[in-house]
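Good morning, colleagues. Please look at the structure on the screen while I go through a few of its features.

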Amino acid sequence: MTAFGKLIRTTAFRLTLAYLFLFALFAASLLGYFAWNTRRLITEQITSTVNAEIGEIDDIYGRRGLRGLVFTIENRALRPGANLYLVTTPNGQAIAGNVGSLAPGVMATNGWSETAYRRLEDQDNADHRALVRVTQLSGGFRLLIGRDLEERKRLFGIIANAAQWSLLIVVVLGLGGGVFVARRVLRRIDAMTGTTQRIMAGDLSGRLPVGRSGDELDRLAENLNAMLERIEALMMSLKEVSDNIAHDLKTPLTRLRNRAEEALASSGSDAEYRHALERTIEESDGLIRTFNALLMIARAESGQARGNMDDFDAAEVANGIHELYEPLAEEDGMSLRVKAASTRLHGNRELISQALANLVENAIKYGKPAPSAQPLSAGAAERMDGREILIEARRDGDQVLLSVSDHGPGIPEADRKHAVERFVRLEASRTQPGSGLGLSLASAVATLHGGELRLADAHPGLTATLAIPAAGASERVAGQTPDMSQKTA
């Protein structure tokens with residue numbers, strides 16, 4: 001398709017033509033109404049003047065007779081720019097006036113008529129148009145008084161000429177403006193089309209150009225760019241999950257196979273076979289937990305859990321997690337304490353509970369204080385503050401904060417962004433069992449609810465906080481797609 005063909009097919013050009021037609025029709029109607037109204041006013045002025053003059057002359061005829069009538073008509077006919085006057089006898093013979101000829105039958109009919117005429121003093125043979133009124137006087141004499149219509153014709157011609165030029169200018173400027181607007185829009189659409197073609201070819205880093213006008217195309221481009229960033233993040237996340245599964249799950253699967261092969265090769269008794277099967281089941285359960293965590297993260301990232309959201313009390317969740325994990329913490333030499341204020345939260349209770357449970361499990365695993373060279377005093381040993389884990393639920397403005405604080409070695413600030421990636425385990429935690437998905441799931445759940453996972457220093461230790469919009473504030477972010485980063489879950 002040629003450039004001109006693309007241009008005239010654009011919506012902007014077609015809309016311009018439609019508006020141009022409507023505006024031209026409106027302008028023509030307005031000028032037509034003005035011309036018609038001007039013609040009517042001039043006609044009314046002529047009829048008013050002629051009627052008044054007929055009344056005067058009829059009065060003069062009544063008082064002074066035919067001689068006075070003729071004298072008056074002859075005097076008025078000699079004035080510059082005079083009206084048309086004609087007095088005839090009952091048999092139609094002209095006896096006074098300035099009219100040389102009329103259309104046939106005009107003097108025979110009383111009343112108003114528009115007729116062609118020539119004055120007595122006209123040198124040319126061209127006919128003129130006039131609006132005249134014929135009336136019959138006493139004695140059978142007939143009187144004609146009229147006004148030339150040249151002035152009306154000239155004014156109407158001026159208006160018609162102005163209308164023609166106005167419409168021509170409107171059409172030219174409208175077409176020029178339509179071409180300009182259509183070319184401008186077409187350039188932007190072509191730029192967007194080129195970018196989308198590169199994206200469809202596999203270059204997900206392409207973004208639609210955004211101008212500085214802030215018009216509807218800029219807003220559309222901004223929203224599409226946000227969508228593309230989201231798609232690119234999901235694609236990168238999918239690629240990372242695939243890579244993580246290929247690298248991080250290969251080792252336990254290989255270990256599982258080697259143990260089974262070792263059991264077949266070396267075990268001889270039922271007890272040894274049973275022990276090998278128990279280890280295989282334990283390793284399989286760990287793999288199943290890993291895959292369940294990955295599925296839960298994918299579910300949170302895709303927004304599938306958004307349909308199961310409801311209002312609930314964040315304090316109930318905190319107290320339930322405390323009750324569930326308190327025995328486990330005591331077995332590991334830790335104390336678990338809860339500090340929760342009743343506050344309403346809108347979200348998926350199952351996912352938020354799972355995210356808070358992951359934070360508590362991490363605190364129990366990694367929250368033990370580092371061994372100190374100095375022995376603890378009796379008071380410090382009695383309080384055991386260093387082994388205390390605090391679960392807290394509170395309202396902070398428009399957010400509900402669900403936090404877990406410990407007094408362990410914590411996470412260095414430089415590693416906190418890296419710590420929420422899938423399968424990431426920092427050096428200090430590699431000796432502990434786990435898959436490295438706990439913080440990833442917590443971050444994904446927070447992002448699903450329009451919030452975030454915050455990692456902060458507890459001096460010493462780590463405070464992990466789920467910051468989620470409260471029940472009232474969550475309505476303002478409902479329906480928004482969470483903008484997850486490429487590496488966080």
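I begin with a definition: a residue is called buried under 20% relative accessible area, exposed over 50%, and partly exposed in between, with a 1.4 Å probe and protein chains only. Because the relative accessibility of Leu15 is 45%, Leu15 counts as partly exposed.

The model is a predicted one, in which local features need pLDDT of at least 70, side-chain atom pairs count only at pLDDT 80 or more, and totals for chains, interfaces and linings use all residues. Residues are numbered from 1 along each chain as its sequence is written, and side-chain values use heavy atoms, with hydrogens and water left out.

Leu15 is placed in helix H2; helices (H or I, at least four residues) and strands (E, at least two) are DSSP runs, numbered from the N terminus.

How many cavities of 30 Å³ or more does a search of the whole structure find? The search finds one, and the volume of the largest cavity is about 40 Å³. On a 1 Å grid over the protein atoms alone, a cavity is a set of points where a 1.4 Å probe fits but cannot get out, and lining residues have an atom within 4 Å of a point. Grid points are joined across faces, edges and corners, and a volume is the space filled by probe spheres set on the points.

The lining of the largest cavity consists of Ala35, Thr38, Arg39, Ile42, Arg152, Leu155, Phe156 and Ile159. Two or more of these lining residues come from each of helix H2 (11–77) and helix H3 (150–200).

Next, helix H11, residues 438–448. Is this helix mostly covered or mostly open? H11 is mostly covered, with 11 of its 11 residues buried. Among them are Gly438, Leu441, Val445 and Leu448. Just after H11, Gly450 has a positive phi of about 80°.

Finally, the loop between strand E12 (452–457) and strand E13 (462–469), where Pro460 is found. His459 lies in the loop between E12 and E13 as well. A cis peptide bond joins His459 and Pro460, with omega about -5°. The phi of His459 is near 55°, a positive value in a residue other than glycine. Most residues other than glycine have a negative phi, and most peptide bonds are trans. With a relative accessible area of 66%, His459 is exposed.

Thank you for your attention.

Technical notes
On a 1 Å grid over the protein atoms alone, a cavity is a set of points where a 1.4 Å probe fits but cannot get out, and a pocket is an open set with protein on both sides within 12 Å along at least five of seven lines; lining residues have an atom within 4 Å of a point.
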